[in-house]
Each structure stands twice: as structure tokens, then as C-alpha cells.
Amino acid sequence: MAQYKKGSMSWVLRYLIPVKGSMLILLVLLLTTTLFQLISPQIVQRFIDAAFAKGPMSSLIGLAGVYLVIAVCNQLITVALSYLGNDVAWRATNQLRADLLKHCLRLDMRFHNLKTPGEMIERIDGDVTNMSNFFAMFLVQIVGSFVLLAGILAIMFVHNSSIAIVMTLFTCVSIGVMIGIRDLGVTASQAERQASASLYGLIEERIAGIEDVQTGGSVPYVMNRFHRAMRAVFQRGRKAWMLRVVPWNATVILYTMAVTVVLLLGVHLYLTGQATLGTLFLFFQYTQMLNDPIEQLGNQMQEFQKAKSGMRRCRELLGLGSEIQEGTAETLPDGALSVEFEEVNFSYNQEERVLHDINFTLNPGERLGIVGRTGSGKSSISRLLLRLYNMDNGVIRVGGVDIRQLKLAALYRRVGMVTQDVQLFDGTLRDNLTLFDSSLTDEQILETTAQLGLRPWVDAQPQGLQTHLSAGGTSLSAGEAQLFALTRVFLTRPSLVILDEPSSRLDPATEAALQTAVDHLLEHCTGIVIAHRLSTLEKVDKIMVLGRGRILEFGGREALAEDQSSHFAELLRTDRQEELA
Ligand SMILES: Nc1ncnc2c1ncn2[C@@H]1O[C@H](COP(=O)(O)OP(=O)(O)OP(=O)(O)O)[C@@H](O)[C@H]1O
Ligand SMILES: [Mg+2]
């Protein structure tokens with residue numbers, strides 16, 4: 001979207017063009033009701049005058065009939081208007097929501113690391129909701145309000161110019177006042193939105209950490225934070241509301257004055273015989289009608305302010321590009337893939353380097369075990385390999401191809417990763433295992449689960465593969481989650497697998513089951529196992545010991561284990577002592 005010029009609104013048109021037909025119908029309907037609204041008082045005027053002059057019954061009934069038909073039609077059109085208005089608003093803004101989400105899904109991890117889920121919800125839904133009324137009704141209502149105002153004033157000028165002048169003055173002053181103080185509540189409203197975003201952020205964060213909150217006894221602390229956040233929302237909300245109602249109150253006062261003047265003038269005209277009772281009613285009715293469109297214009301102006309801030313934020317988001325640029329190469333060599341890191345340096349933020357001069361080569365089919373203290377950069381290596389971040393410099397090749405030259409889809413088709421935490425999606429067990437790939441048969445899935453040791457768990461589920469799983473992952477134990485993730489990757493038949501083990505210890509039976517699963521998975525592909533348990537590394541070919549982002553040691557597993565002065569031998573000794581203890 002970056003091609004849209006700064007300050008231009010042309011990108012909004014993109015969402016309005018598909019609904020232009022509906023908007024045209026909206027406008028026509030609105031003009032029709034405006035016309036009806038303008039006609040009604042004239043009918044009442046004739047009715048009153050005819051009744052006062054003791055006119056024929058038939059003409060009175062005729063006038064009442066016409067009035068009734070117009071009133072009913074008006075109501076029907078009002079219903080149609082609100083239906084169409086909502087339809088247009090939802091259709092136009094849903095497209096925008098979808099575009100925003102799609103765009104965000106493609107943005108790099110550096111962007112996502114800085115955003116909380118609460119903020120993303122606000123940006124993809126909250127800001128767009130602020131624009132929905134603008135999309136549907138803004139133009140239509142502005143046009144409608146102006147036509148109604150012009151119609152009323154024109155009719156009044158035909159009947160009585162002095163009253164018409166009072167009304168015109170009132171209209172101009174009201175609109176002027178509204179434009180003059182329209183921005184009064186904007187800053188306060190923004191502060192209010194910020195406070196409510198913080199409140200949602202707090203609730204989301206605390207619910208996400210519910211286990212820690214409950215077991216750590218921090219409920220009183222959370223409640224205290226919550227009360228403070230609520231107080232901020234309340235105080236800012238009250239201020240914003242007070243400021244928002246000022247323009248409205250100002251027009252109410254002006255309006256009361258205008259009605260009083262028109263009534264005084266009208267009564268004077270009636271008493272001096274210059275106007276009939278019906279005309280007096282007409283004046284009064286039109287003065288009353290004046291208030292609606294003016295209020296409408298005021299509302300639309302507020303909506304426009306809200307929409308403007310929403311639009312600015314949306315465009316900002318759409319203008320952000322991902323730092324990850326895809327390449328064009330579509331294919332990687334068949335079979336297990338080699339991996340090559342050449343002089344790779346990396347930092348999450350520009351300040352602190354996380355990986356220094358990483359150089360290593362892994363031949364097709366080889367298995368590498370990476371060990372190192374927590375925070376030494378093991379997971380970061382896997383994230384670079386999957387292009388979740390750009391490295392600062394250096395080259396990574398998979399199957400001999402620089403990963404920057406590859407299409408992301410081509411890379412992900414062949415490379416699988418099991419991360420430290422497993423994400424479940426709202427859907428059936430089958431969908432969760434296949435990640436919504438319907439080309440796999442139930443037999444294939446069940447066979448794989450049997451191979452990897454997950455079958456007893458699947459069979460224990462009430463409806464087997466069709467069992468519904470809830471999002472998050474709370475329905476799986478840590479061991480089951482790992483088996484689950486391994487099965488998921490196995491089903492994609494990858495040529496390179498990266499396993500990032502969870503750091504928590506599992507019971508020996510689960511460990512054994514996991515080990516069998518890992519062995520199966522790595523049978524036909526190249527594997528990188530980031531291990532916290534040295535037992536996982538019994539079958540790997542090579543070992544890398546990482547320390548503070550540097551390779552401390554890299555070599556064949558056997559050789560390193562035998563060399564008593566190596567870091568790896570030292571690790572093995574400590575591990576054995578721990579087991580004995
Ligand atoms: N998203 C991030 N933004 C900034 N720094 C990060 C980010 N993720 C990790 N780091 C930092 O990078 C360093 C390496 O982290 P990494 O996750 O690669 O460690 P690890 O070896 O996988 O640790 P563990 O064994 O605990 O999983 C750590 O110092 C960590 O604080
Ligand atoms: Mg890690």
C-alpha cells in the first residue's frame with residue numbers, strides 16, 4: 001500500500017468503489033425521505049386551514065390519507081436506510097480488516113515482538129470500527145442534511161422572509177459554532193482510548209498468566225492494578241464525554257433561542273392577520289425540523305474526526321513493509337538438504353549482538369545436536385534458518401541455495417520446525433495435526449501417530465480425529481504437546497527438521513517415547529536438534545556447543561565425547577553426576 005501518497009485519501013476509495021451501487025441507492029432513499037419530510041408540514045398546514053375554514057369533509061379525509069401514506073413510506077424508507085447503511089459499512093470495513101490482518105501476518109517478527117495482542121486487536125478491529133460509520137453514512141448524511149436545510153430555508157423564504165432570515169442566521173451560527181469547537185474533545189477522546197487499550201492490555205496479560213497469578217497469590221496486586229486502570233478509564237472517559245457534549249449543548253441553547261424568536265414573530269403575524277393558523281404551525285414545524293440536520297452534521301463531524309484518526313493509523317500500518325524480502329527461487333534439491341552458515345552475525349536490536357561469526361556445514365542427512373546454556377542463542381539460530389529475522393551479515397544456504405534467494409513458501413514446504421511451545425488452533429484434532437491440509441487421509445494420519453507414539457492419546461479422545469480442540473494448548477501435557485508437534489511436522493514429510501526441545505524435564509517414559517518419535521522423524525531428513533537433555537543426543541552425528549552466541553566447539557559426537565578436555569565431555573560428566581545424585 002506504500003504507493004499511496006502521504007495525505008491522500010485515494011486508498012479509502014478502494015474500499016468504497018465495490019459498494020458504490022449501494023451508496024447510490026442510499027443517497028436516493030435519503031433524498032426521498034428528505035422530500036417527504038419537507039412535504040408533511042405543508043399537508044398539515046392545509047388541513048388546519050381547511051378545518052378552520054370549515055372546508056368539505058372529503059378534502060380533509062383526502063389530506064389525512066396523503067399524510068398517512070407519506071408517514072408510512074417514510075418509516076419503511078428509514079428501515080431500508082438503516083439496513084443498507086449497515087450493509088455498506090460492514091462490507092467495506094470487513095475488506096479493510098481482512099487486508100490489515102493479511103498484511104500483519106506477513107510482517108516480520110521484529111514488528112510483532114513490539115506489539116501486544118491487545119494492541120493488534122485494537123488496530124485491526126478497533127480503528128476500523130471507528131471508520132465504519134464514515135464509510136456508510138458520512139457522504140450520504142452530509143448531503144442529506146444540507147439538502148434538508150436548504151429545502152426548509154427555501155420554503156420559509158417563500159412564506160415569510162423575516163422568519164426565514166432568523167432561521168438562516170440560527171443555522172449559520174450553529175454550524176459555525178460546531179465547526180469552531182469540533183476539536184474540543186478530540187485529544188481527550190484519544191486519551192480515553194489509550195486508557196481503555198491499557199485496561200484491555202492488563203486484563204489480557206493477567207489472564208494469560210492466570211496460573212502464576214493464582215499460585216503466586218498475586219490476586220490482590222492484580223486487583224489493585226486493575227482498579228487503577230479502571231479509574232484512569234473512568235476519569236478520562238468522563239472528561240472526554242463532558243467535552244464532547246459541549247458543542248451539542250451550545251446548539252441546544254441556540255436552538256431554544258431561535259424557536260422563541262420564530263414563535264414570537266409567528267404569533268405577531270397571526271394576530272395582525274398576516275398569517276393563518278396553519279401557516280403559524282408551518283413556521284413552528286419547520287423551525288423544529290431545522291434542529292435535526294444540524295445535529296446530524298455535528299455528529300458526522302465527530303465521526304469524521306474519529307474516522308480520520310482510524311484512517312491515519314490504518315494507513316500507517318499498511319505502509320509498513322516487512323524487513324524480510326522474498327526471493328524468486330522456487331525449488332530446492334530433492335531429498336535431505338544440506339545446511340551451511342557462513343560468517344553469520346545477528347542481533348535482535350541493533351545494540352546487543354546475539355550470534356557472532358557462526359560458521360558450520362551440515363551434509364544432507366546428517367544430524368546436528370546444539371547444546372549451550374540458556375540464552376546462548378540456540379533458538380536464534382533456528383529462527384534465522386526459517387527467515388523469521390534477517391541476519392546482520394553472512395549467508396545461510398539450505399540445499400546449496402542462499403535462503404534469501406528463495407520464495408518463503410518454497411523454504412517452508414521443505415523445512416519443518418518444532419518449537420519450544422506448541423500452538424493449538426480452534427478446530428478438530430485432525431485439522432490441528434494436518435494444519436488444515438485436507439489432502440492427507442485419516443489412515444495416513446493414524447499411521448503416523450502410531451509410529452510416533454501418539455496413537456494411545458488419539459484413541460483416548462472421545463471422537464478420535466474429529467475431537468474438537470480448543471485454542472491455546474491447555475488440553476495437552478508438555479510431553480503430549482511435543483509428540484503432537486512432532487507428528488505435525490512428520491506429516492509434512494520435511495527434508496530438514498529443526499527440533500527445539502522444551503527445557504523442562506519430562507518423566508522417563510515420556511522421554512523414551514519422544515526419543516523414538518524423534519528417531520523416526522529424522523530417518524529420512526537432515527536434522528538439527530536443540531537439546532536440553534543430553535540423552536536426546538545419543539544418535540546425532542555432530543555436536544555444536546554454543547556459549548554467549550559463539551561456537552565454542554563443533555565436531556563429530558564421538559570424538560568430542562572421547563576428548564576429556566572438551567566442553568561436551570564436561571557436559572556429559574555433569575549430566576551423569578546429576579543423574580546419580
Ligand atoms: N525477541 C527477542 N528480542 C530481543 N532479544 C531476544 C529475543 N529473543 C531472544 N533474545 C535474546 O537473545 C539471546 C539468545 O536467545 P535464544 O532464545 O536464542 O536462547 P536459547 O539458547 O534458545 O535459550 P533457551 O535454552 O532458554 O531456549 C538471549 O540473550 C535472549 O535474551
Ligand atoms: Mg531456546
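Me: What makes a pair of atoms a polar contact here?
Reply: A polar contact is a pair of N or O atoms within 3.5 Å; within protein, one must be able to donate a hydrogen and the other to accept it, and residues adjacent in sequence count only if both atoms are side-chain atoms. This is a predicted model, where local features need pLDDT of at least 70, side-chain atom pairs count only at pLDDT 80 or more, and totals for chains, interfaces and linings use all residues. Residues are numbered from 1 along each chain as its sequence is written, chains are lettered from A and ligands numbered from 1 in the order in which they are written, and side-chain values use heavy atoms, with hydrogens and water left out.

Me: How do you know that Lys378 makes a polar contact with ligand 1?
Reply: An N or O atom in the Lys378 side chain sits 2.8 Å from an oxygen atom of ligand 1, so the pair falls within 3.5 Å and counts. For the Thr374 side chain the distance to a ligand 1 oxygen is 2.4 Å, and for Ser380 it's 2.5 Å.

Me: Which class does Val143 fall in: buried, partly exposed or exposed?
Reply: Partly exposed, because its relative accessibility is 35%, and buried means under 20% relative accessible area, exposed over 50%, partly exposed in between (1.4 Å probe, protein chains only). You'll find Val143 in helix 5, residues 117-159.

Me: What surrounds ligand 1?
Reply: 15 residues do, with Thr374, Gly375, Lys378, Ser379 and Ser380 the closest (near means a heavy atom within 4 Å).

Terms used
Helices (H or I, at least four residues) and strands (E, at least two) are DSSP runs, numbered from the N terminus.
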